[in-house]
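Subject: Structure handover and findings

Hello,

Here is the structure for your files. My notes on it follow below.

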Amino acid sequence: MECGFSPQLHSNRPILARTCPGASPRTRTWTSFLASPCLKTGSQIHLPHSSLKICNGAACKAVTSAPFVETTEATELDWDNIGFGLVPTDYMYVMKCSSDGIFTNGELKKFGPVELNPSAGVLNYGQGLFEGLKAYRKEDGSILLFRPEENAKRMIDGASRMCMPAPTVEQFVDAVKMTVVANNRWVPPTGKGSLYVRPLLMGSGAVLGLAPAPEYTFLIFVSPVGNYFKEGLAPINLIVEDEYHRATPGGTGGVKTIGNYASVLKAQKIAKEKGYSDVLYLDAVHNKYLEEVSSCNIFVVKGNVISTPEIKGTILPGITRKSIIDVARSQGFQVEERAVPVEELLDADEVFCTGTAVVVSPVGSITYLGKRVEYGNRGVGVVSQQLYSALTSLQMGLAEDHMGWTVQLN
Ligand code: COI
C-alpha cells in the first residue's frame with residue numbers, strides 16, 4: 001500500500017506560493033520561488049504552506065499545514081560568541097512515512113518538542129540516523145548550502161544499513177532548502193559562523209520485540225553555530241584511546257547512526273577531564289591503525305603527502321573529508337587513503353581533523369601511551385591553514401566554485 005502522494009517540490013513541479021508581502025499567491029516553480037528577490041534578508045515572506053501543491057504524476061493535492069511567515073525581526077544573538085550549542089530557531093521540518101517506505105506530506109512546523117510513543121524504535125533500539133550540513137551567508141545576503149545532496153545520499157546508505165526507509169535525494173534537499181529559508185534570520189552574518197542543519201531519521205513507530213519500526217519520521221532542525229571546539233580555531237589536543245573502540249568490522253561505524261556517537265561519550269568524558277580536547281580511535285582488530293576522532297576524520301601530513309584512513313566500513317565517509325581530499329589534490333598534494341599506523345603520528349609534520357562541525361581543525365598535540373607529540377610549535381600548520389582557507393572560501397562564496405559544490409538559495 002502506498003502512503004499516498006509523494007512531495008515533489010523540484011524545479012519543474014508547480015507550487016502555489018506568495019513570496020512578496022502583499023502579493024497574491026501564484027503558481028511558480030520551486031526554483032523560481034527560491035530565486036525570488038523577496039527571499040532576501042530583510043524582507044518578509046509569506047509562504048501559504050497550506051496551499052503548497054504536491055504532485056504525483058498529473059494528480060496534485062495541497063499540503064495541509066500551517067502557513068509559515070518568515071520573521072525578519074533581528075535576533076538577539078551575540079554573533080561574535082555563538083560557539084556550538086543549540087539555539088532554538090523558528091521552524092523545523094517534519095515528514096513521516098509508514099513501513100511502505102514512502103515519505104509524504106512534509107511540512108514546516110514551529111520548532112519545538114516532538115511527541116514519541118515510549119515504545120518508538122528509536123528510543124528502545126536506537127533505530128536512528130542523523131546528518132549535519134551547514135548554510136553560510138554570503139556577503140550579498142544570499143545563502144549557500146554545501147553539497148546537500150551528499151548528505152541525502154549518505155542518509156540513504158545509512159538507512160539501508162539500519163533497515164529504515166529514507167527520503168529521496170530530492171525530498172531531502174528540498175526539505176533542507178525550505179527549512180533554511182524559513183529560518184533565514186538565524187543564518188549568521190558573513191564570517192560570523194553558519195547555520196548548522198541537522199536532519200534526523202528515526203523509527204518513530206512503536207515496537208516491543210526487536211524489529212524495524214512500523215513508522216518513520218524525517219525531521220530537520222537548525223541552529224546558528226560558531227566554532228565546534230572550545231579552542232576556537234586554535235589547535236586541539238588529542239589522546240589516542242587504547243581501551244575503547246568506536247567501531248568494529250561489520251558493524252555500523254561507516255554510517256551516521258546515533259549509537260556510534262553515544263558509545264564514544266565515556267572515553268571523551270575521561271579525556272576531557274584530563275584536559276584533552278577529544279579522543280582519537282584506533283582500529284578494533286589490531287589496535288594499531290588510525291580510525292577517526294569522536295566527531296571527525298583525521299589527516300596526517302608528511303612533506304607533500306597527506307594520508308588519511310581509508311573508508312572500509314568502520315569510519316564515517318565524511319563529506320568534508322572527501323572535499324578536502326579533492327581540494328588537496330587540486331593543489332598538488334599527493335593524498336593517500338590507506339591504513340595509517342599510529343606510529344606515523346610520531347613523525348608527522350602536521351595533523352588535522354575534518355568534519356562538518358569542525359570544518360578543518362588543526363591538531364596541536366597527540367598523546368599516545370603517555371608520550372606527547374607536538375606539531376607546528378602548537379600553532380596552525382601551513383598545510384592545515386591552506387586547506388582550511390581553500391575550503392571555507394568555497395563554502396562562504398568568497399572563491400569561485402569550480403567544483404560545483406555550493407547551492408545558492410536566494
Ligand atoms: C558533524 O560534523 O556535523 C557531525 O555530525 C558530528 C557531530 C558530533 C557534531
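Which residues of H8 are buried? They are Val 383, Ser 384, Leu 387, Tyr 388, Leu 391, Leu 394 and Gln 395. Seen down the axis of H8, these buried residues fall within an arc of 135°, so they line one face of the helix. Buried means that 20 or more other C-beta atoms lie within 10 Å of the residue's own; exposed means 12 or fewer, and partly exposed is in between, with C-beta atoms placed from the backbone. The arc is that of the directions from the helix axis to the C-beta atoms.

Two ground rules. This is a predicted model, where local features need pLDDT of at least 70, side-chain atom pairs count only at pLDDT 80 or more, and totals for chains, interfaces and linings use all residues. Residues are numbered from 1 along each chain as its sequence is written.

Overall picture

The chain has eight helices and 23 strands. Helices (H or I, at least four residues) and strands (E, at least two) are DSSP runs, numbered from the N terminus. Of the 410 residues in the chain, 45% count as buried. Among contacts with a separation of 6 or more, 67% involve residues 24 or more positions apart. Two residues are in contact if their C-beta atoms, placed from the backbone, lie within 7 Å.

H8 covers residues 382-395, which is 14 residues. From first C-alpha to last it reaches 20 Å, close to the 20 Å expected at 1.5 Å a residue. The expected span is 1.5 Å times one less than the number of residues in the helix. Gly 397 follows H8, with a positive phi near 75°.

H3 covers residues 148-161. Its 14 residues also reach 20 Å, close to the 20 Å expected. Buried in H3 are Pro 148, Asn 151, Ala 152, Arg 154, Met 155, Gly 158 and Ala 159. They cover an arc of only 165° around the axis, which puts them on the same side of H3. Just after H3, Cys 163 takes a positive phi of about 60°.

The loop between strand S11 (143-146) and H3 holds Arg 147. Its phi is near 50°, a positive value in a residue other than glycine. Arg 147 counts as buried because it has 21 C-beta neighbours inside 10 Å.

Strands around S14 and S21

Strand S14 (residues 236-240) is mostly covered, with four of its five residues buried. S14 and strand S21 (residues 359-368) run parallel and are joined by four bridges. Strands pair if DSSP finds at least two bridges between them. Ile 236 has Val 363 of S21 as its bridge partner, and Asn 237 has Ser 365 of S21. S14 also runs parallel to strand S15 (residues 278-282), with three bridges.

Strand S20 (residues 350-355) pairs with S21 in the antiparallel sense over four bridges. Thr 354 has Val 360 of S21 as its bridge partner. Three residues lie between S20 and S21 in their hairpin.

S21 and S22 run antiparallel, joined by four bridges. Ile 366 has Val 373 of S22 as its partner. This hairpin has two residues between its strands. Leu 369 in the turn has a positive phi of about 50°, although it is not a glycine. Leu 369 counts as exposed because it has 7 C-beta neighbours inside 10 Å.

Tyr 289

Tyr 289 lies in the loop between S15 and strand S16 (290-293). It counts as buried because it has 20 C-beta neighbours inside 10 Å. Leaving aside neighbours within four places in sequence, Tyr 289 is in contact with Leu 282, Asp 283, Pro 309, Ala 339, Val 340 and Pro 341. Its C-alpha is 9.6 Å from that of Glu 344, 55 residues apart along the chain.

Ligand shell

Around the ligand are Gly 132, Tyr 261, Ser 295, Gly 355, Thr 356 and Ala 357. A residue is near a molecule or strand if its C-beta atom, placed from the backbone, lies within 6 Å of it. The shell has two nonpolar, four polar and no charged residues. Ala, Val, Leu, Ile, Met, Phe, Trp, Tyr, Cys and Pro count as nonpolar, Asp, Glu, Lys and Arg as charged, and the others, Gly among them, as polar.

Best wishes
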